[in-house]
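Here's a quick briefing to read alongside the structure.

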Amino acid sequence: MIIYEASKIEFISDVTNELLVERLYESYQQKIGRTSKSEVTSWENSLHRMSNVMQDDDIPNDTSVAIEFKIPNTSKRVDFLIAGHDGNQDHVVVVELKQWSEVEKVTGKDALISTYLGGGKRTVTHPSYQAWSYAALIEDFNQNVQDQHILLNPCAYLHNYRKTENDPLTASHYTNHIEKAPVFTKGEIQKLRDFIKKYVRFGDRNGLIYQIEHGKIRPSKSLQDSLANMLNGNQEFVLIDEQKVFFEEALNLALDSIRTAQKRVMVIEGGPGTGKSVMAVNLLVNLINEELTALYVSKNSAPRNVYASKLKGTMKKTQIDNLFKSSVSFTESEKDEFDVLIIDEAHRLNEKSGLFANRV
């Protein structure tokens with residue numbers, strides 16, 4: 001879902017003529033149904049800055065832009081997309097916008113930084129990591145991006161932040177993440193323009209924003225391979241006796257349900273140590289290898305943390321996080337967005353678990 005889409009020239013015109021916020025608000029009300037005008041207005045500063053960025057004659061007028069793309073499979077939204085062509089390849093630049101004016105480095109933990117949000121200091125992901133992880137998530141699950149070889153190029157823009165000597169935002173601690181998604185700050189508008197123009201030398205020839213918005217959710221081949229390698233030879237996930245019997249029954253039921261478009265629920269009961277979780281992980285891997293969108297869901301974080309630990313070094317952390325979800329992750333999910341949900345300790349779910357229609 002995208003809240004706003006336009007050509008570069010239309011976007012600049014909407015900002016210049018003070019029409020953008022009203023159009024964003026109306027689109028929010030229509031597509032999401034709940035927001036305040038003050039919330040939308042809070043973007044105005046950032047979007048004015050992006051309008052300034054886009055006012056470069058070497059960025060084609062028929063370049064496509066989009067605001068607030070909701071990434072399927074999550075409640076996350078990409079702030080700004082810029083789509084075009086470099087002469088050989090389709091590209092979409094993914095821009096994470098921040099209004100931060102100061103940060104503090106967080107050492108001893110990967111990709112985390114501290115800043116002031118909501119009236120207090122909070123530890124959050126570094127903007128470069130955030131932009132890169134959003135792009136990686138789209139690449140992992142968007143069929144059109146995979147099949148049409150649309151390249152995503154993430155970056156972050158902190159337009160209120162002015163760098164100082166030995167700045168914590170660009171400390172060597174974050175070098176690996178900044179290399180994947182450069183971060184631009186106040187006074188670096190031309191550097192950001194140059195980054196965009198590196199990938200967008202010609203306009204959007206192939207309706208890339210439409211392709212991304214309407215891409216079917218499908219796990220990528222690289223994700224399938226990572227999962228298969230994770231299971232291969234890992235004795236912790238070998239199925240034995242009844243585990244194998246119930247696994248085959250569950251897999252067959254899931255595939256048949258997809259084939260016949262009939263929703264089904266299978267409940268497996270067993271005490272601690274009977275291998276329910278081992279079976280669940282095998283089921284997840286096999287369903288994803290069938291190119292189905294499957295997620296492992298648990299209300300409590302403990303099971304997810306266990307698998308994150310077991311898979312460390314085998315899969316990227318973002319891939320793990322995208323497959324092992326909290327039950328509260330589904331409050332904004334679309335109908336029929338997922339093929340299969342594998343729910344651990346399903347008896348712990350209740351009306352506030354996020355798998356129901358509650359909108360809080």
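Predicted model: local features only at pLDDT ≥ 70, side-chain atom pairs only at ≥ 80, totals over all residues.

Helices here are DSSP runs of H or I with at least four residues, strands are E runs of at least two, and both are numbered from the N terminus.

**The chain as a whole**

- You're looking at a protein chain with 14 helices and 12 strands.
- Of its 360 residues, 51% are buried.
- The chain exposes about 17900 Å², and 46% of that comes from carbon and sulfur atoms.
- Take the contacts between residues at least 6 apart in sequence: 71% of them join residues at least 24 apart.

**Helix 4 against helix 1**

- Helix 1 (residues 8-16) packs on helix 4 (residues 44-54) at an angle of about 135°, and their axes are 10 Å apart.
- That angle is why helix 1 counts as oblique to helix 4.
- The crossing of these two is left-handed.
- On the helix 1 side, the contact uses Lys 8, Phe 11, Ile 12 and Val 15, while helix 4 brings Leu 47, His 48, Met 50, Ser 51 and Met 54.
- Sorted by class, this contact has six nonpolar, two polar and one charged residues.

**Helix 4 against helix 8**

- Helix 4 also packs with helix 8 (residues 189-199), this time at an angle of about 65° with the axes 9 Å apart.
- Here the crossing is right-handed.
- Helix 4 puts in Asn 52, Val 53 and Met 54, and these meet Ile 189, Leu 192, Arg 193 and Ile 196 of helix 8.

**Backbone spots to check**

- As background, most residues other than glycine have a negative phi.
- Ala 111 has a positive phi, near 65°, without being a glycine.
- You'll find Ala 111 in the loop between strand 5 (103-105) and strand 6 (112-117).
- Is Ala 111 buried or exposed? Its relative accessible area is 3%, so Ala 111 is buried.
- His 149 isn't a glycine either, yet its phi is positive at about 55°.

Key
Residues numbered from 1 in each chain as written. Heavy atoms only, no water. Axes fitted to C-alpha atoms, helices over the stretch in contact; angles between N-to-C directions. Parallel < 35°, antiparallel > 145°, perpendicular 65-115°, else oblique. Left-handed = near helix turned anticlockwise from the far one by under 90°. Contact = heavy atoms within 4.5 Å. Nonpolar A, V, L, I, M, F, W, Y, C, P; charged D, E, K, R; others polar. Buried < 20%, exposed > 50% of the residue type's maximum accessible area, 1.4 Å probe, protein only. Areas by Shrake-Rupley, 256 points an atom, 1.4 Å probe, with all protein chains shown as cover.
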